[in-house]
Amino acid sequence: MLIVPQILFIVLAFFSIWLFSKNIKRIRRNILLGHDEDHSDHPSQRWKNVFLLAFGQKKMFRNPLVAVMHFFIYAGFIIVNIEVLEIILDGGLGSHRLFSKALGGFYTFLIDGFEILAVLVLAACVIFLIRRNVLKIKRFISRDLDGWPRSDANYILITEIILMTLFLTMNTSDRALQLRGYEHYTNVGSFLFSGSLAPYFHNLSSSTLMDMERTCWWLHITGIFAFLNYLPYSKHLHILFAFPNAYYTRLLPKGEMKNMPAVQNEVLYAMQPELAPTDVAAPAGFGAKDVFDLSWRNLLDAYSCTECRRCTAACPANITAKLLSPRKIMMDTRDRAEEVGKNIDKNGEFKDDGKNLLTYISVEELRACTTCNACVEECPVSISPLEIIL
């Protein structure tokens with residue numbers, strides 16, 4: 001009978017990884033709908049951006065309190081999920097706390113660290129839920145978040161709370177069984193939080209505790225696999241894409257238009273045709289009508305957007321009640337890329353659907369932009385709404 005849970009776990013793991021890989025491949029295809037652009041210059045500066053902006057979250061610390069809470073969630077996601085490796089091996093091998101013997105006392109130290117982070121993640125998620133839904137901070141209640149975007153943020157926070165609660169409950173029931181010397185629940189030391197809570201479970205029977213521990217174990221790992229496959233449909237894809245986006249970000253000068261001389265000449269020749277040379281080739285097209293006219297890095301920007309609205313909060317056009325919202329520009333670009341991708345999936349190639357980026361983004365929004373670069377400066381992951389607008 002022991003082999004049945006192992007088989008179920010292996011099937012679940014392989015299916016989850018396969019589905020995630022399929023969705024990431026789809027998103028990669030959508031990003032590469034944009035034209036090619038070389039961003040291999042200055043590798044040292046690019047790696048510096050990765051470590052400072054993506055790993056270090058440098059720009060987040062302009063608001064220290066929020067940055068610290070966000071860092072708890074970020075660190076919790078990165079570090080606490082290291083224990084997923086043990087869970088995966090336990091699930092596939094039919095073992096229990098596989099690393100405890102090899103690591104000895106350091107194993108208890110690790111679990112203590114995970115539990116501290118789990119509690120901090122819990123607290124931060126609760127505070128962020130209150131900020132979004134009770135305090136209703138301005139940048140979280142604007143109309144461009146109506147519907148799915150607002151629900152998406154809440155779903156992620158609630159999921160994190162559930163996962164951390166399951167982790168702590170699993171450890172507490174596990175520790176209670178260790179204290180009883182029950183079956184394979186060998187004593188690996190008292191965990192910081194769950195070890196303190198374990199005595200409160202003394203009235204529960206051993207079979208109830210084992211059912212509780214196993215249920216939490218299965219729900220925890222299933223929840224992680226579900227979370228993994230939710231990411232490609234969520235703004236929280238930035239958890240993964242922030243790193244390549246920071247590397248491939250456009251370096252200085254940020255507001256420079258590379259084709260400005262060509263644009264100026266076309267305007268000049270339209271107004272004074274006699275100045276136009278007769279021996280030059282027709283100019284290359286400029287501007288963007290649809291996602292195909294943007295670069296792949298512009299589309300990577302769109303998929304990396306955290307929807308935090310720091311760009312829009314800093315935008316002077318938006319502050320003075322203009323229609324422009326840089327966040328909406330990024331969301332609209334991503335939505336159009338998704339729509340084009342679905343069109344290709346359905347037809348085998350793109351079939352004209354009578355739409356383009358201007359179906360999503362109005363001329364009024366574009367003309368409100370002052371090209372001040374404030375949105376680019378404020379973005380925590382170096383996204384450039386300005387480049388798409390230009």
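Biologist: Where does Ser382 lie?
Modeller: Ser382 is in the loop between α18 (374–378) and α19; helices here are DSSP runs of H or I with at least four residues, numbered from the N terminus. The model is predicted, so local features need pLDDT of at least 70 and side-chain atom pairs pLDDT 80 or more, while totals for chains, interfaces and linings use all residues. Residues are numbered from 1 along each chain as its sequence is written, and side-chain values use heavy atoms, without hydrogens and water.
Biologist: Is Ser382 buried or exposed?
Modeller: Ser382 is buried, at 9% relative accessible area; buried means under 20%, with a 1.4 Å probe and protein chains only.
Biologist: What is its phi?
Modeller: Phi of Ser382 is near 60°, a positive value in a residue other than glycine. Most residues other than glycine have a negative phi.
Biologist: And what about phi of Arg309?
Modeller: Phi of Arg309 is also positive, near 70°. Arg309 sits in the loop between α12 (296–304) and α13 (310–314), and is buried at 8% relative accessibility.
Biologist: New topic: what volume has the largest pocket?
Modeller: About 700 Å³, the space filled by probe spheres set on grid points joined across faces, edges and corners. A pocket is an open set of points on a 1 Å grid over the protein atoms alone, where a 1.4 Å probe fits, with protein on both sides within 12 Å along at least five of seven lines; lining residues have an atom within 4 Å of a point.
Biologist: Which helix gives the largest share of that lining?
Modeller: α19, with 3 residues.

Key: Helices (H or I, at least four residues) and strands (E, at least two) are DSSP runs, numbered from the N terminus. Buried means under 20% relative accessible area, exposed over 50%, partly exposed in between (1.4 Å probe, protein chains only).
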